[in-house]
Amino acid sequence: KPAGVFMVKNTRNGKILLGSSRNLEGPLNSHRFMLRIGKHENEALQKDWLTFGEDSFAFEVLETVAERDDPSFDLEEELTLLDELWVEKLQPFGERGYNSDGKIRQA
């Protein structure tokens, strides 16, 4: 299963939730499910979901880790580098996003 960085984007106001995981499918499904049942831990994201509706949100994979057949390859290290790159690029905090800090790893 691919590891990488994903985003949940509010297409109405442009705010994003940035996340990463060793298994992208899991957190993307979890975020969508929790939002649909009204129990997402991110209160601001849940409030906007209820205000704007599901059709106003996009779930996107931004980048996956390119695994290499190399004994020195470290998935965690590669994923951490992607985390840092995307947090720096998108700055998903405050008015720009739903993240509260730079820790975006989901699992």
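The legends below describe close-up views of a predicted model.

Figure 1. One, of 2.7 Å, joins the side chain of histidine 40 to that of histidine 31. In the other, the side chain of histidine 40 reaches the backbone nitrogen of asparagine 42 at 3.0 Å. When residues up to four places away in sequence are not counted, histidine 40 touches Leu17, His31, Met34, Leu35, Leu45 and Gln46.

**Figure 2. A cluster of aromatic rings formed by Trp49, Phe57 and Phe59.** A pair of aromatic rings is described by the distance of the centres and by the angle of the planes. The structure holds two aromatic pairs. In the pair of tryptophan 49 and phenylalanine 57, the ring centres are 5.2 Å apart and the planes stand at 40°, so this pair is tilted. Both tryptophan 49 and phenylalanine 57 are buried. The pair of tryptophan 49 and phenylalanine 59 is edge-to-face, with 6.3 Å from centre to centre and 75° between the planes. This second pair links distant parts of the chain, since tryptophan 49 belongs to helix H2 (residues 43-52) and phenylalanine 59 to strand S3 (residues 57-64), 10 residues apart. Phenylalanine 59, like tryptophan 49, is buried.

**Figure 3. A charged group over the ring of phenylalanine 59.** The charged end of arginine 32 sits over this ring, at 4.0 Å from the ring centre. Phenylalanine 59 is also a member of the cluster that ring pairs form with Trp49 and Phe57.

**Figure 4. Helix H3 and its buried side.** Helix H3 (residues 75-90) has 16 residues, which at 1.5 Å a residue should span 22 Å; the C-alpha atoms at its ends are 22 Å apart, in agreement with this value. The buried residues of H3 are Leu79, Leu82, Asp83, Trp86 and Val87. These residues cover an arc of only 130° around the axis, and therefore lie on the same side of H3. Among the elements that cover them are strand S1 (4-10), strand S2 (16-21) and S3. The exposed residues Glu88 and Lys89 are carried by the face of H3 turned away from the buried side.

**Figure 5. The two ends of helix H3.** At the start of H3, a side-chain oxygen of aspartate 74 comes to within 3.0 Å of the backbone nitrogen of glutamate 76. Just after the helix, glutamine 91 takes a positive phi of about 45°.

**Figure 6. Valine 87 and the residues in contact with it.** Valine 87 is part of helix H3. With a relative accessible area of 11%, valine 87 is buried. Apart from neighbours within four places in sequence, valine 87 is in contact with Leu18, Pro92, Phe93, Gly102 and Ile104. The view also includes aspartate 101, which is 14 residues from valine 87 along the chain; the C-alpha atoms of these two residues are separated by 9.2 Å.

Methods:
Residues are numbered from 1 along each chain as its sequence is written. This is a predicted model: local features need pLDDT of at least 70, side-chain atom pairs count only at pLDDT 80 or more; totals for chains, interfaces and linings use all residues. Side-chain values use heavy atoms; hydrogens and water are left out. Rings of Phe, Tyr and Trp (its six-membered ring) pair if their centres lie within 6.5 Å; planes under 30 degrees apart count as stacked, over 60 as edge-to-face and the rest as tilted. Buried means under 20% relative accessible area, exposed over 50%, partly exposed in between (1.4 Å probe, protein chains only). Helices (H or I, at least four residues) and strands (E, at least two) are DSSP runs, numbered from the N terminus. A charge sits over a ring if NZ of Lys or CZ of Arg is within 6 Å of the ring centre and within 35 degrees of the ring normal. A polar contact is a pair of N or O atoms within 3.5 Å; within protein, one must be able to donate a hydrogen and the other to accept it, and residues adjacent in sequence count only if both atoms are side-chain atoms. Contact means heavy atoms within 4.5 Å. The expected span of a helix is 1.5 Å times one less than its number of residues. The arc is that of the directions from the helix axis to the C-beta atoms.
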